Structures are given as C-alpha cells and as structure tokens.
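Here are my notes on the model you sent. Please read them with the structure open.

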Amino acid sequence: MSLRNRLPRVKSGGEEASSPLETSFGSADFEVSSPTYQVTSPLSDDRDPHDYSNGSMGGYSNIVKDSPSQNKKHLPVRHLKYDKNHTGHDGSHQPSSPMSALPRKSPRKGKSSLVLIVSVLLNVFLVIAAIYFNSLSSRSEIKIKHLESLSEKNGHTISTLTGTRDKLEKELHDRELEAKNTRLLQEKVGHFTEENAHLQDIVSTLHQQVNVLDNEKNHLHTELESHAKLGMDLEIKKQAYAEKIHHLQQKIQRESRREALERFGPGPHLVAMEIGLPRDAEKDAHLSEGMHPTFQIELFSLDLMPHTVHLFLEQVEHKLWDGCYFNLNPEHIVQTSVYNLNNPDASALERMNKFKKASLDKVSFQEYSEDLPHLQWTVGFAGRPGGPDFYINKSDNSHIHGPGGQEHHHLNEEADPCFGKVVRGFDVIQRLIEQPIRRDASGVIFEKPIELISAKILKK
C-alpha cells in the first residue's frame, strides 16, 4: 500500500473518514495521535469571508489546527473543494475556481506553509512508525502465541514434574521411615544381643547351680532312702508302741474297773458337793445351822469310763476336795481348783501334795468315749494330762473339749475326759455362776472364790 493511501481523509460536512492508520493500529492495541485539521465553510461561520486575519482563507474553508487530545484527523490541501456559490466583497456572485480556494498571500503565509509541511512530515513519520510498530505487533502476536504454546507445554511439564516431585517426596519419606525403622531395629538387635549375652551368662550360672543341686539331690536321695528305711523302722516301732500303749490303757481300765467295783460297787455312783455360797435367807431357809447348799453329780458307767470314774471316786473318798475352791467362771464353764487364786498360800501347796502323795493328781491317760460328749452340765477333768482340776460345762462344749478341739496341746487328737453330769441342785449351780466376777491374767475369776466345803459319795 502506498504512503498516500495511508494518509487520513475528511468527508464533506466535517465527518471523519476511517483512515488506514487507524485501521492498521486497531489490532495492535495502541493508537498514534497526530495534529489534525478541520475545514470550515463560510456558511457555517459568521466571520467575513474576506477577513484573512489570524491566517484565515476568506470564504473558503480554513485549516484550523487542533490538539492531538481532540482526536480529529487532518485534511490535506489536495482535498479542498471548489465553492461555486462564493460571493465577492462587492456582493456579486463570483464563481470560484480551484485556484481561488488556495490561500491568498498574506504576511503570515510563510509560517502557515511551514506548519503544513511539518504536519505532513510528521504524518509521514507516524505512518512509517505505524508500519514498524504493526510489524512489531505481528511478530509480538506470533511470539505471544509461541509463548502461550510454550506455557501450555511448560504447564503440562510442571504438572508432570509436580507429580514426580510428590512421588519422590513420598518415596523419600518412605525411605526415611524405613531408615528410621532400620535404626530402631538395629538398636533393638543390639539390645537383644546384650540381653542374650547376659541371659547366656545366667544360663551358664544356672547350669552350674543345677549341677550342684543334682549333686545335692543325689546326696539327699541317698539320705532319703536311709531316712525312709529309718522311717519304716520308726513306723514299725510306733505301731508296736501304740499296741503296747493300747494294751496298757486296757489294763489300766480293767484294773480301775475292778478296784472301783471292789471299793464302791457297780454304781451308779452319786457324789454330793457342799459349797460355801453366801447365805440367802429365802433360798437357804430349809437348811439347818452349819449346813450349806449342795448339788449332786452322777458318775458315768464303769463300763465306759472306768479309769476316770475310779480316780474321781478315790479323790472324794480320800477327802482331797474338801477345802478347795471354785475359782474360774468364764462363759462356757465353771471350774474348781486346789488353789485360791485370790489368796495363794502354803495351804494350797499342802492340798496339792496330798493329791500327789496319793497318786490321785491326774489320770494315767486321756480316757474318752464318743458316747459321752461334753454336753451341758456334764463334768470333765481339765489339762493334759487331766486333773486334778475339774469343771462343769455351762453349755455344749463337745467341739472345744472333744478330740482335736484344743490344738495348743502336743497331742491335739486327744480329748478331755468326761466322767459325769449334774443331776440335782441346778439352782445351786445357777447361784454359783451368778456370783460377781473379775478379769485378771488367769482369766475370768470370782471376786471371792467359792469354797468347796466337802464332797462325799452317797452310794457305794
């Protein structure tokens, strides 16, 4: 396209025509502003058409220079039109010729021509610049498209690299965990190795101890065999001694029964015991002066308890219980003794010596019959071996006074001999156990011991 076709054009009436310059710069997103010119006719201007002051061209269109900010295009000289209706100074119609449209000479004509030339040159420069910048714009668009293509490729590459990076980071994390676990396992292996060495030392020590224990076991086994043989010998001897003891017990029972029958008859045997209770005017009114309340004990059969019954009959017959005392009064029994626990004196020793000199202080063995348990109001010997103290059961004491009931004795399988029962004078026994008591090292005792004044056999 020629330079002439790139110049802006102006239509009649002052309308702007689209210029190739504006078209070529429209796609480049920028515009070039240049000085523009406007042609005004005398029909639209009230000034004198022949007034050429200020550079005007009379009745012909004037070229007025506007600033670039008004965005108006210039009109080259070659496009000025001929006005057929031009009127002269004298008012007559003067047809205008193309040459008459040219500006007349005036003092400022040289300056206006210079401005026009500069304007044309400037437009030429701007056209050239527009061509250059249009070329740059085309190349920029190509580069932009190329950069967009590269950007898309780079985006895909970046996405791929990001995925690869994530995989590598995960793999790195997994390997770090694996390395950490490996270190922990190595530490544990080292710890287990140390423990294993320690355990091996312990096992070695234990093996040595086992060898020592094996030697001791063999030695003990030898001793055990010896002891087993000795135990068998002892068991044989024990059985032999048990048979001899049983034989002796049977012999004692036979002799006791025989002597009891000879001295006291077959029975039943009754023993009356007079005790020194505080006198009660109402309850003791039937007693004469010098007499005391009495209760009676019936002794068991000589067929069941011959040795114990015979011993007690001999004690009563020898008057060994006369002058003794009821001392203990715990919850389950009331017990008599040769001693006065409130006032121990020489007389108690004399009474005890009488029992011993007569060989009547205790039984020869713990005689007991399962047919005669320690029921309420029965009478038994206390101690191991039993005697001479005896007690009256205030309740059923079959468990604690029967076989195995008193574990503090060496032969706890034995029992206290139960040899009789109270059959008369229960009111006297009740008055006895209701007497005031106190506690001391000996147990629950009467505040004032109750004297057993006399004991005598009623029937022989």
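**Notes on the model**

1. Leu199 is found in helix α2, residues 109–264. Helices here are DSSP runs of H or I with at least four residues, strands are runs of E with at least two, and both are numbered from the N terminus. Leu199 counts as partly exposed because its relative accessible area is 46%. Buried means under 20% relative accessible area, exposed means over 50%, and partly exposed lies in between, with a 1.4 Å probe and protein chains only.

2. A word on the basis. This is a predicted model, in which local features need pLDDT of at least 70, side-chain atom pairs count only at pLDDT 80 or more, and totals for chains, interfaces and linings use all residues. Residues are numbered from 1 along each chain as its sequence is written, and side-chain values use heavy atoms, with hydrogens and water left out.

3. Now helix α3. Eleven of its twelve residues are buried. Its first and last C-alpha atoms are 16 Å apart, close to the 16 Å expected at 1.5 Å a residue. That expected span is 1.5 Å times one less than the number of residues. Lys319 follows α3 and has a positive phi, near 55°.

4. Is His310 buried or exposed? His310 counts as buried because its relative accessibility is 9%. His310 lies in α3, residues 306–317. Beyond four places in sequence, His310 touches Ser256, Glu259, Ala260 and Phe264. Contact means heavy atoms within 4.5 Å.

5. The largest nonpolar core has 45 residues, and Phe295 and Phe312 have the most contacts inside it. Such a core is a set of buried Ala, Val, Leu, Ile, Met, Phe, Trp, Tyr and Cys residues joined through side-chain atoms within 4.5 Å. Phe312 is one of the buried residues of α3.

6. Overall, the chain has six helices and eleven strands. Of its 460 residues, 30% count as buried.
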